[in-house]
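Here is a walk through the pockets of a protein and the surroundings of its ligand. Keep the structure open as you read.

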Amino acid sequence: MTDSSGIGEFTQISELIRHRHSERVPFDPGHHLAEGDVEAILEAARWAPTAHNMQNFEIIVVDDEARLAAIGRVRGATSEGFIRENYAQLSFSEEELIRKGTGLIATMFPPSWRSLDGEAEETPDVEHELLDASMHSCPVVMIVVYDTRKRAPASEGDFLGIMSLGCVMQNMWLTAETLGVGMQIMSVFSSQHVEDELRKILSIPNYIDIAFACRLGYPSVEPDRYLRVRREIQRFTHHNTYAVHGED
Ligand SMILES: Cc1cc2nc3c(=O)[nH]c(=O)nc-3n(C[C@H](O)[C@H](O)[C@H](O)COP(=O)(O)O)c2cc1C
């Protein structure tokens, strides 16, 4: 649904930014993205701002059923450290989430991730589930990779390069939203074990790393209208000085 403004049904860029969201429900694997939509998402990536205009990304579009199935059979690798750090940031009620204004609600995660006391270790099935569980079902996965041998000039740890990849992500995501295409980032694809397996399946050389992967498609069930919170502007804006009045 595109009009002459180029942002589909959204009349304002601010509206589009607010509506962009993570679509975590299963997608219809038989409902393929129109070629024009894939093209539009890649075109959006193409025009992302990147440090030094280095355009430090390549995108692997995986829509072949056999290859998607092979990826789905890879075991995920959720570390105990991830579960602990994730737990520390969870909210356990909608009220708590609204009050904090950041983070995620615990019910989004498997029960074993919602408490500590060593319970996580007792449920290895959840920790090492197949990627298929993250991909649910989807007609296409896009994997954005970058060349670790290059970096923006004098950018320690390729900080500027990594920021640039975030711009690529946002351009793709906003475009998917305008096209009515659901998109979910799957960070598990960047974990070392998964990356190693994907190297074999997708012939990715050692010097190329995965920045992020996303699944795209059309929800096959009613989209989950979960609570999305953000901080009020005054909670993150500092005028002229970082210091809060009365503090050093
Ligand atoms: C770098 C990055 C990594 C993310 N990783 C995941 C992920 O692995 N799984 C997931 O469901 N969402 C992931 N997300 C989505 C965030 O959880 C989501 O953007 C945030 O909770 C705000 O929700 P919204 O996208 O609906 O506005 C990621 C987002 C970013 C920017």
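Helix 8 contributes the most to the lining of the second largest pocket, with 5 residues. The model is predicted: local features need pLDDT of at least 70, side-chain atom pairs count only at pLDDT 80 or more, and totals for chains, interfaces and linings use all residues. Residues are numbered from 1 along each chain as its sequence is written, and side-chain values use heavy atoms, with hydrogens and water left out.

A pocket here is an open set of points on a 1 Å grid over the protein atoms alone, where a 1.4 Å probe fits, with protein on both sides within 12 Å along at least five of seven lines; lining residues have an atom within 4 Å of a point. Helices (H or I, at least four residues) and strands (E, at least two) are DSSP runs, numbered from the N terminus.

The second largest pocket has 23 lining residues. His19, His21, Glu23, Glu177 and Arg225 lie nearest its centre. Helix 1 (13-19), helix 8 (159-179) and strand 3 each give two or more residues to that lining. Its space is about 430 Å³, a volume filled by probe spheres set on grid points joined across faces, edges and corners.

Now turn to the largest pocket. It holds about 1,400 Å³ of space. Its lining counts 43 residues, with Arg24, Leu104, Met108, Phe109 and Gln184 nearest the centre. Helix 4 (80-89), helix 6 (124-127), helix 7 (131-135) and strand 3 (182-185) supply at least two residues each. Helix 4 gives the most, with 4. Domain 1 (13-77 + 130-227) and domain 2 (79-127) both give residues to the lining, so the largest pocket lies between them. The domain bounds come from an automatic or database domain assignment.

Next, the ligand. The side chain of Ser187 places a polar atom 2.7 Å from a ligand nitrogen. For Gln184, a polar side-chain atom is 2.8 Å from a ligand oxygen. Arg20 has a side-chain N or O atom 2.9 Å from an oxygen atom of the ligand.

How values were computed. Polar contact = N/O pair within 3.5 Å; in protein donor to acceptor, adjacent residues only side chain to side chain.
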